[in-house]
Amino acid sequence: MATTTPIATGTASVVPSYKRGPAEWVAALDGWKNKAEEAVPMGHRTKGGVGGELGKYLRTVKHGYMSDQKDEYRKQQKEEQKRMKLEKRERIDKEEEERERKRKAEAVSQGREAEKIDFWSEPTFTKEDNPHGLLEETSFAVMFPKYRDTYLQEHWKFISDTFHQYHLGCVLDLVEGVMMVKTTPTTFDPFIIIKGRDCLRLLSRSVPAEQAVKVLQDNVFGDIIKIGNHVQGDLFRKRRQRLVGPNGATLRAIEILTGCYILVQGKTVAAMGPLHGLKTVRKIAEECMRNIHPVFNIKTLMIKRELAKIPSLAHESWDKYLPKFTKNVSIAKKLKDKKLKKRAKKARRDQHDRKKNKPLFAPPPTPRKEDLMMESGEYFLSKEERQRRAEQRRRKEEMSAEERVLKKNERIFSVPEPKDANLNGAAPTKAPPTKGNSIKDLAQRIVQVEREMKRNSAPPLAAENFVVSAPKRSRVDTKVPVKPHPVPPTTTPSKPTTPNKP
């Protein structure tokens, strides 16, 4: 920025450039012009006015004046903006203080202290909130496995009484294997039917009735986590046992840290508790099935619980205090590379075998749908006849499917026949064991029989009596003479004998 040096004319005082008025500027410029004409030689003057050093000087003075004016204007604008921001902030603070004062005054007027009020807690839904009840009946049906029949039948009175306290109705159908919950004319809470449905789901997953009915409370929720779709077989059983831990220690630690009730049953994990705890339980269960040990999550939860006890860390990030676990992929990568090499080697070998055993002629083309219809004769039928035959085939398949279902149901409800009882009700007779006809078996039988005969003082037996063999035939076929059967004499009626004539 160009700076100017104030020049005094006569007895004028020294005034900064940005504080001069029009009259002061005229007087200053006249003084500068007279002084410049005396100092500048005549040859440097131009026709249009002063030039040379005087022109430079005057232009410098003018530019400096304009620059000073611009800087002063910008400075004033910034100060004005700061002042307006401060005024706005003070106004907002005053309004906030006024609202807080009114709120405290209202709380005190109602006979309660504002510091003890929890504005985040949800108020209990009472009948005064919905005095007219619900317009329509809502119901949910939940199926349960057959092995839960006896338990549910024994505890159904307790379950129905608990549901009645929350103005709900329930039905147990042991034939169909279904539990149903429905609203009643006295039901006023529209969300309680969802709670009842969750309770029946937990009951069907082997949760005890005394524990399952707690989900009807306002601050308790239920969740069923499926863990059977991640891995299968022995690997699934090992990882499920890893979630339970030795003697249930891991599961108990998760319950204490999350404040939830957890039950591992089959391919599901049933959990009950607050929403934050249920999210943590779902995360731990799914990560355990993805081969992440629960002990890492347990360690993180323990550190978080200790950090929550420090009030100074309530508004800070806890990332720097939490452990960071990394998965060692070096061994897994080596195994993967080894498997890939083995797979590539097998693929090359299979390709070589295919080239070696490649047939001389190409395989016959796949017959079209029209070709198959021509072979069966269906191609030459009318459209109605084809539809009729297709409908017959479909009905036949449906009948066969229905027969299979009926047979399966009959097999379930049919009384099995006793395997170890005779028709007369007598004790079953044990069949003698069948033995082979080898030489070793025959020798053992002979020794056993000889021992029994010695005990009974019987004469010794010969081994030939126990060997059954066909009669030997000679190489020369000899004809055995066959004796003719005696023919009985034929009896004829006797004629009367006449004496001989002489």
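User: Happy to start with N297: leaving aside neighbours within four places in sequence, which residues is N297 in contact with?
Analyst: Welcome! This is a predicted model, and in it N297 has its place in helix 9. Once neighbours within four places in sequence are set aside, the contacts of N297 are K283, I284 and E287.

User: Which side chain does a polar contact of 3.0 Å join to that of N297?
Analyst: Good follow-up. E287 is among the residues that N297 touches beyond four places in sequence. A polar contact of 3.0 Å links the side chain of N297 to that of E287.

User: Is N297 buried or exposed?
Analyst: Buried means under 20% relative accessible area. N297 has a relative accessible area of 12%, so N297 is buried.

User: Which residues of helix 6 are buried, and where do they fall around the helix axis?
Analyst: The buried residues of helix 6 are F236, R239, L243 and V244. Looking down the axis of helix 6, these residues fall within an arc of 150 degrees, so they line one face of the helix.

User: What covers those buried residues of helix 6?
Analyst: Several elements take part. The cover includes two strands, strand 5 (261-265) and strand 6 (268-273). It also includes helix 7 (249-258), helix 8 (275-289) and helix 9 (294-307).

User: How far apart are the end C-alpha atoms of helix 6?
Analyst: Helix 6 covers residues 233-244, which is twelve residues. At 1.5 Å a residue, the helix should span 16 Å. The model agrees with this, as the end C-alpha atoms are apart by 17 Å.

User: What is the relative accessibility of C199, and is C199 buried or exposed?
Analyst: C199 belongs to the group with the most contacts inside the largest nonpolar core. Not counting residues up to four places away in sequence, C199 touches F163, A212, V213 and V215. Its relative accessibility is 0%, so C199 counts as buried.

User: How many disulfides does a search of the whole structure find, and which cysteine sulfur is nearest to that of C199?
Analyst: The search of the whole structure finds zero disulfides. C199 is therefore in none, since a disulfide needs sulfur atoms within 2.5 Å. The nearest cysteine sulfur is 9.0 Å away and belongs to C170.

Methods. Residues are numbered from 1 along each chain as its sequence is written. This is a predicted model: local features need pLDDT of at least 70, side-chain atom pairs count only at pLDDT 80 or more; totals for chains, interfaces and linings use all residues. Side-chain values use heavy atoms; hydrogens and water are left out. Helices (H or I, at least four residues) and strands (E, at least two) are DSSP runs, numbered from the N terminus. The expected span of a helix is 1.5 Å times one less than its number of residues. Buried means under 20% relative accessible area, exposed over 50%, partly exposed in between (1.4 Å probe, protein chains only). The arc is that of the directions from the helix axis to the C-beta atoms. Contact means heavy atoms within 4.5 Å. A nonpolar core is a set of buried Ala, Val, Leu, Ile, Met, Phe, Trp, Tyr and Cys residues joined through side-chain atoms within 4.5 Å. A polar contact is a pair of N or O atoms within 3.5 Å; within protein, one must be able to donate a hydrogen and the other to accept it, and residues adjacent in sequence count only if both atoms are side-chain atoms.
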